[in-house]
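I opened my notebook beside the model today and wrote down what I looked up, one entry at a time. Come along if you like.

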Amino acid sequence: MNFSKLIRQRNILLVPFSWLYKASAFVFHKLYDWKLIGSYQPGVATICVGNLSVGGTGKSPMVEYLLRLLENKTPVAVVSRGYRRKTKGFVLANGSTTAADIGDEPMQFHQKFPGATIVVGEERAKAIEALIKQKPQTGVIILDDAFQHRAVTPGFNILLTEYNNLFIKDGYLPAGSLRDLKSNYKRADLIVVTKCNPNLEYTRKEQIIKEIRPFPHQQVFFTSISYGTPYHVFSGKAIDWQAIDAAVLVTGIANPQPLLDYLQLKPFELCHLAYADHHHFSVEDIEKILTAYNAIKQTNKIILTTEKDAVRLADFKELQELPVVALPVQHQFLFNEGNIFDQKIIGFLEPKLKMLS
């Protein structure tokens with residue numbers, strides 16, 4: 001029996017559990033829809049970035065996109081749960097904060113956008129209240145990975161869905177990857193289909209829009225993955241791909257395949273060490289990375305990783321004298337619609353800022 005057939009049979013067996021999951025999600029949302037559970041509406045403009053599924057749809061690069069767009073217009077804050085951090089409760093990032101304190105992705109935001117306020121908290125409503133109390137000048141709050149949560153009612157919702165796993169064709173956990181009701185896409189203001197082929201055809205774009213069936217208040221955008229210039233994690237120095245003969249790629253992300261596809265076009269030898277999403281690297285993991293690095297015979301070799309993984313690897317002294325290189329990733333809007341997306345965000349935000357001025 002081939003592997004794909006085993007997977008299909010496994011998923012069929014899990015379908016009854018998916019029905020139960022969908023039923024529980026339906027009840028959860030109805031409690032909010034019927035006002036049996038209250039939802040906090042912040043006095044500060046809030047933009048939610050999220051999805052309906054588990055796994056990577058590009059939420060962190062979208063948060064960074066918004067930070068770049070807004071950081072020179074008003075004081076910006078990001079509120080995240082801080083997944084797999086080693087602390088509890090509300091934490092506001094400062095100069096001594098580590099990834100263990102706030103989680104890898106918030107730490108990534110903190111390092112790349114020092115002018116932004118980065119906070120984490122399991123209960124987002126309480127985290128927002130504490131943030132506003134400590135940073136009353138905040139003009140806009142970006143809620144990271146909060147679409148499926150209802151304890152806070154954002155002013156603006158951006159829903160991401162991956163091109164190769166559109167929410168309209170997905171199943172519910174555990175047979176599929178949906179963690180929220182498909183019908184909740186109606187709460188989105190903008191829908192972004194991510195990880196598209198950069199050469200996506202217009203006819204395919206229109207077909208997907210028809211399948212999604214956006215409401216009149218919604219607009220659908222399409223993005224591809226764009227990789228930036230790699231840089232040395234400890235010195236910040238830019239790295240030229242042409243100067244590299246070999247690399248040990250270390251990933252702890254949900255789906256490393258797009259990155260592998262990109263790197264396989266590069267003219268150097270690649271050894272990939274894959275770990276689970278948000279993996280906490282251990283001393284044993286570092287020893288394995290070093291063994292793979294030392295086994296490479298070429299002189300011009302590096303340890304290559306994602307920015308998210310880099311904030312966790314940087315704490316190990318064993319790596320600090322080695323060429324550990326991070327590769328940035330960004331959203332690239334297709335069909336020349338980036339400016340339209342930007343104006344949608346600014347259009348939401350400007351009236352809010354005028355009210356506060």
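Predicted model: local features only at pLDDT ≥ 70, side-chain atom pairs only at ≥ 80, totals over all residues.

**Entry 1**

I stayed with β13, which covers residues 324-327. Val324 and Ala326 point one way from the strand, while Val325 and Leu327 point the other way. I checked burial too, and all of these side chains are buried.

Strand β12 (residues 301-306) runs parallel to β13, and four bridges join them. Strand β9 (residues 231-232) pairs with β13 in the antiparallel sense, over two bridges. There I found tyrosine 231 opposite alanine 326.

I also traced the path from β12 to β13. With helix α9 (residues 307-313), these two strands make a β-α-β unit, and the unit is right-handed.

**Entry 1: the sheet as a whole**

What is the order of the strands in the open sheet of five? I wrote down β9-β13-β12-β10-β11, with mixed pairing. At the edges stand β9 and β11 (269-274); each has a single partner strand, so one side of each is left without a neighbour in the sheet.

Further along, I found strand β10 (residues 246-251) running parallel to β12, with five bridges between them. Alanine 246 stands opposite lysine 301 in that pairing. Helix α8 (residues 283-295) lies across β10, β11 and β12, and I noted its angle to β12 as about 140°.

**Entry 2: the nonpolar cores**

I then turned to the interior. In soluble globular proteins, nonpolar side chains tend to be buried together. Here the largest nonpolar core has 37 residues. Those with the most contacts inside it are Ile47, Leu67, Leu70, Ile158, Phe341 and Ile345. Helix α2 (residues 59-70) gives the most to this core, with seven residues. Another core lies apart from it and has 34 residues, among them Leu52, Ala146, Tyr185 and Ile209.

Leaving out residues up to four places away in sequence, Phe341 touches Met62, Tyr65, Leu66, Ile158, Leu190, Val192, Phe221 and Phe333.

**Entry 3: salt bridges**

How many salt bridges does the count come to? I got 14, and I looked up a few of them.

Arginine 85 and glutamate 122 meet in one, at 3.1 Å from N to O. This pair links distant parts of the chain, 37 residues apart: arginine 85 is in the loop between β2 (76-80) and β3 (91-92), and glutamate 122 in the loop between β4 (117-120) and α5 (124-134). Arginine 85 is buried, with a relative accessible area of 11%, whereas glutamate 122 is partly exposed at 37%.

Glutamate 123 forms a salt bridge with lysine 126, and their closest N and O atoms are 3.6 Å apart. Glutamate 123 is partly exposed at 49%, and lysine 126 counts as exposed because its 52% relative accessible area is over the 50% cut-off.

Lysine 169 and glutamate 211 meet at 3.7 Å, N to O. Lysine 169 lies in the loop between β6 (156-162) and β7 (190-194) and glutamate 211 in helix α6 (residues 202-212), so the pair ties together parts 42 residues apart in sequence. I noted lysine 169 as exposed, at 56%, and glutamate 211 as partly exposed, at 28%. I also found a network in which salt bridges with shared partners join Glu64, Arg68, Lys112 and Glu307.

Is glutamate 337 buried or exposed? With a relative accessible area of 12%, glutamate 337 is buried. I placed this residue in the loop between β14 (329-333) and α10 (338-356). Neighbours within four places aside, glutamate 337 is in contact with Lys205, Val220 and Phe221.

My last stop was serine 18, in helix α1 (residues 3-33). Serine 18 counts as buried, because its relative accessibility is 7% and the cut-off is under 20%. Serine 18 and tyrosine 172 are 154 residues apart in sequence, yet I found them 5.2 Å apart in space, C-alpha to C-alpha. Beyond four places in sequence, serine 18 touches Tyr172, Leu173, Pro174, Ala175 and Gly176.

Conventions: Residues numbered from 1 in each chain as written. Heavy atoms only, no water. Buried < 20%, exposed > 50% of the residue type's maximum accessible area, 1.4 Å probe, protein only. Pairing = 2+ DSSP bridges. Right-handed = clockwise from strand over helix to strand, strands pointing away. Core = buried A, V, L, I, M, F, W, Y, C linked by side-chain atoms within 4.5 Å. Contact = heavy atoms within 4.5 Å. Salt bridge = Lys/Arg side-chain N within 4 Å of Asp/Glu carboxyl O. Axes fitted to C-alpha atoms, helices over the stretch in contact; angles between N-to-C directions.
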